[in-house]
Amino acid sequence: MSVIIDHTNTENITVAKFGGTSVADFHAMLRCADIIKNNSTNRLVVVSASAGVTNHLVRLSQADVAISEQQQIITHIADIQFAITQHFDNHQAIDQEISGLLNALRTCAEQQAKQYSTKTSDEILSFGEQFSSRIFAQVLQLVDVNGHYFDVRQVMKTDSLYGKAQVDLTELAVNTKALLYPLLNEQVIVTQGFIGCDPQGNTTTLGRGGSDYSAALLAEAVQASNLSIWTDVVGIFTTDPRITDQARSINEISFGEAAEMATFGAKILHPATLIPAMRQDIPVFVGSSKEPNAGGTKIQRQVDSNPTYRSIALRREQTLVTVKSPQMLHASGFLAKVFTVLAKHQLSVDLITTSEISVALTFDNPYGSTQALLTQAVVEELEQLCEVSVEHGLSLIAVIGNKIHGTKGVGSSIFDKINDFNIRMICHGASNHNLCFLVPEADANQVVERLHSTLFTD
């Protein structure tokens, strides 16, 4: 969907988003405040919950949590937040705000324990960002930045699909123009990622990756010139640095490459984050709030370098399903029946390869394991059509770059180096930006490390 935003006299605006580790404690917040102060284009700040808070809230949002455990969890959350505010000379007012939110959280938790609902769950999960945004606005004041809290629910209107609400982009654009944009000339606005509000006034959440996505949507709505995502790592790496110490930060990357990386397992960005930025052609910067001067990765439509190999992404806990039937031979309609079953169970196919009488496929789950997606009910329904085999314990490896499907020698460059490993499935040719395949989970790190040392030698 294309959203046209008409702002007159638009100045350069950077939307800055800070993740949970960036706002984990007072000193982390102070580093972020300095980042905002040192760039006058930083006008809109989007924050996640302080590190650790969301995990507590997730537990609190579940059914049948005993009162004693509720109290213990809320005490832990209070300790995290008050450990930050105690550094303020005058913290009585903000402490009172936080205490009021904690009381509201306690009421929600008690209600959830009595009668579970996804609506109350979203309400509970929203408190982390409500805490951190209020506190960070005060931290900005400490460094002489005119920071003010703004409730994003005034503009981020969604449907009522609790847990993964969909944003009304038209309403967001209209509300932002009326309520948020006029404030940016005089103030640095601090608001929340991850949350929104449905037509009935209930709090909703946008699902995993929602904070980055919120920042990108707001950047689109205010027609920002840049979006900065501040994390705990110096940009996007050629592969996961925990797998090999040879991984290195990438200076620049195209939207297409970054989207492939996010889709195929790179944790630094959620796939949805880039969609609003791509729609409005807003450059995205990814850097470390701990080392703001150490550089980072710029993501934009056009880049100066277009190497064949840009990165290697890894997505663990994959499930491969093979459906086999002689009916497929010279027959039409079989695949349609298979996909009808999958659609009925809301399963989105990720990768697929076919032979004369069989189809091998994996499922899309950007949130992690695909094993839980394949229920016994799905298997039994597929077995009414064909023979079904299921393999768990696999990892998906994606080699990402440019013109991979049209560059000579790509196949040999990759597979000659890992011919002593078992490759379960290969997908190549559908995308200009990737070649991907499955390997046993136990071999995944070794395969990535060997490929990286081969493809990314200086």
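**Figure 1. Aspartate 144 sits in the loop between α6 and β3 (147-149).** Helices (H or I, at least four residues) and strands (E, at least two) are DSSP runs, numbered from the N terminus. This is a predicted model, in which local features need pLDDT of at least 70 and side-chain atom pairs count only at pLDDT 80 or more, while totals for chains, interfaces and linings use all residues. Residues are numbered from 1 along each chain as its sequence is written, and side-chain values use heavy atoms, with hydrogens and water left out. Have a look at the backbone here: aspartate 144 is not a glycine, yet its phi is positive, at about 65 degrees. With a relative accessible area of 68%, aspartate 144 is exposed (over 50%; buried means under 20% and partly exposed in between, with a 1.4 Å probe and protein chains only).

**Figure 2. Histidine 433 occupies the loop between β15 (425-428) and β16 (434-440).** A relative accessible area of 18% makes histidine 433 buried. If you set aside residues up to four places away in sequence, histidine 433 touches Ser254, Gly256, Glu257, Glu260, Val399, Ile400, Gly401, Asn402 and Ile404 (contact means heavy atoms within 4.5 Å). Two of these names deserve a second glance. The backbone oxygen of glycine 401 is reached by the side chain of histidine 433 at 2.8 Å. Glutamate 260 lies 173 residues from histidine 433 in sequence, with a C-alpha to C-alpha separation of 7.1 Å in space.

**Figure 3. Threonine 244 belongs to the loop between β7 (226-231) and β8 (252-254).** Threonine 244 has a relative accessible area of 4%, so it is buried. A polar atom of its side chain lies 3.0 Å from the backbone nitrogen of glutamine 246. Beyond its neighbours within four places in sequence, threonine 244 is in contact with Thr239, Glu449 and His452.

**Figure 4. Alanine 16 is part of strand β1 (residues 14-18).** Alanine 16 has a relative accessibility of 0% and therefore counts as buried. Leaving out neighbours within four places in sequence, its contacts are Ile36, Asn42, Leu44, Val45, Val46, Ser228 and Trp230.

**Figure 5. Glutamine 130 is a residue of helix α6.** Its relative accessibility is 5%, so glutamine 130 is counted as buried. The side chains of glutamine 130 and serine 126 make a polar contact at 2.9 Å. Such a contact is a pair of N or O atoms within 3.5 Å; within protein, one must be able to donate a hydrogen and the other to accept it, and residues adjacent in sequence count only if both atoms are side-chain atoms. Apart from neighbours within four places in sequence, glutamine 130 contacts Leu101, Tyr149, Arg153 and Gln192.

**Figure 6. Helix α5 (residues 118-125) contains several buried residues.** They are Thr120, Ser121, Asp122, Ile124 and Leu125. Which elements do the buried residues of α5 pack against? Their partners are the helices α2 (53-60), α4 (92-114) and α6 (127-142), together with β6 (203-205).

**Figure 7. Stepping back, the protein chain has 14 helices and 16 strands.** Its radius of gyration is 24 Å, close to the 23 Å from the globule rule for 458 residues, so the chain is as compact as a globular protein of that length (the radius is taken over C-alpha atoms, and the rule is 2.2 Å times the number of residues to the power 0.38). The C-alpha trace spans about 75 × 55 × 40 Å along its principal axes. Of the 458 residues, 52% count as buried. Among contacts with a separation of 6 or more, 76% join residues 24 or more positions apart.
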